[in-house]
Amino acid sequence: MMRTLLRLVTIAAIIFSAAGARAEEPEPDRIRGVISQVGNPSIVVKTHDGKDVRIELSDNVSIFALSKGRFTDVDLGTYVGAVAVKMDEYSPIVRDSAVWLHKGFELRIIDEELRGIALGHKKWDLTPESIISHGWVDDIEVRVISIKWGPTDYDETDVEVPRNAPVHRMSLGNKSLIKPGAHVLAGANKAADGRYVGVFLIIGKDGVVPAM
């Protein structure tokens with residue numbers, strides 16, 4: 001179990017890390033949509049723009065589950081991830097007054113067994129201006145949280161989580177989540193012959209839609 005967990009964390013750190021993948025190891029493509037078919041061993045994802053994308057799955061594909069969460073579950077020290085865009089104003093948190101405020105699209109409360117996953121801040125492809133940050137909550141003021149991901153005063157991202165922004169809980173998943181109708185964010189490498197080979201799947205439970 002511990003070896004499997006370490007492998008999952010390592011893979012996810014490569015996928016999401018602020019340092020990014022090395023030049024000879026580009027990040028996998030991110031495919032968002034609904035699982036429309038389940039084969040052996042592959043899935044077909046109906047993307048948001050109506051395309052059908054077949055993704056081959058190996059026994060080593062990393063699977064994460066998203067379930068409903070609550071903003072009230074967030075506390076100092078909680079490990080979280082957020083996708084957001086920078087606003088044209090500074091953070092209302094007094095001691096972070098030189099840090100830009102970001103508006104969140106989604107907040108993820110990450111299970112303790114995954115603490116440290118994807119630590120950092122970098123650009124993200126949800127919108128042309130979006131970023132993604134993972135770290136521990138260092139401060140909270142009403143709906144603004146400070147996501148700390150490094151040792152200096154500027155290694156943090158202050159995110160305002162609107163009341164209409166989804167709050168999810170992210171945990172380790174398994175192949176039982178792979179079924180038609182499930183919403184998914186898939187990371188996949190494109191082979192020379194055009195085939196997609198899955199690296200990770202983030203699958204919503206009970207109708208949850210991965211916003212990021």
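The legends below describe several close-up views of a predicted model of one protein chain.

View 1. When contacts between residues at least 6 apart in sequence are considered, 65% of them join residues that are at least 24 apart.

**View 2. Strand 11 and the strands that pair with it.** Strand 11 covers residues 167-172, and because 5 of its 6 residues are buried, this strand is largely enclosed by the rest of the structure. Strand 4, made of residues 62-68, pairs with strand 11 in the antiparallel sense over 5 bridges, and within this pairing Ala 65 has Ser 171 as its bridge partner. Strand 6, made of residues 100-110, pairs with strand 11 in the parallel sense over 4 bridges, and here Ile 110 stands opposite Met 170.

**View 3. Strand 8 and its antiparallel pairings.** Strand 8, residues 130-141, pairs in the antiparallel sense with strand 5, residues 79-90, over 7 bridges, and Ala 82 is found opposite Ser 133 of strand 8. Strand 7, residues 120-123, also runs antiparallel to strand 8 and is joined to it by 4 bridges, with Lys 122 and Ile 132 as bridge partners; a hairpin through 6 residues links strand 7 to strand 8. Strand 9, residues 144-148, pairs with strand 8 in the antiparallel sense over 5 bridges, and Glu 141 has Val 144 as its bridge partner in strand 9. The hairpin formed by strand 8 and strand 9 has 2 residues between the strands, and Val 142 in this turn has a positive phi of about 60°.

View 4. Rolling a probe the size of a water molecule over the atoms shows where empty space is left. In this model the count comes to 1 cavity of 30 Å³ or more, and the space in the largest cavity is about 30 Å³. The lining consists of Arg 32, Gly 33, His 48, His 183, Val 184, Val 209 and Pro 210, which divide into 3 nonpolar, 3 polar and 1 charged. Strand 1 (29-38) and strand 12 (183-190) each supply at least two residues of this lining.

View 5. Most residues other than glycine have a negative phi, and most peptide bonds are trans. Asn 40 and Pro 41, however, are joined by a cis peptide bond with omega of about 0°, and Pro 41 lies in the loop between strand 1 and strand 2 (42-47). Ala 118, in the loop between strand 6 and strand 7, has a positive phi of about 60° although it is not a glycine, and this residue is buried, with a relative accessible area of 1%. Asp 206, in the segment after strand 13 (196-204), has a positive phi near 55°, but Asp 206 counts as exposed at 74% relative accessibility.

Notes. Residues are numbered from 1 along each chain as its sequence is written. This is a predicted model: local features need pLDDT of at least 70, side-chain atom pairs count only at pLDDT 80 or more; totals for chains, interfaces and linings use all residues. Side-chain values use heavy atoms; hydrogens and water are left out. Contact means heavy atoms within 4.5 Å. On a 1 Å grid over the protein atoms alone, a cavity is a set of points where a 1.4 Å probe fits but cannot get out, and a pocket is an open set with protein on both sides within 12 Å along at least five of seven lines; lining residues have an atom within 4 Å of a point. Grid points are joined across faces, edges and corners, and a volume is the space filled by probe spheres set on the points. Ala, Val, Leu, Ile, Met, Phe, Trp, Tyr, Cys and Pro count as nonpolar, Asp, Glu, Lys and Arg as charged, and the others, Gly among them, as polar. Buried means under 20% relative accessible area, exposed over 50%, partly exposed in between (1.4 Å probe, protein chains only). Two strands pair if DSSP finds at least two bridges between them.
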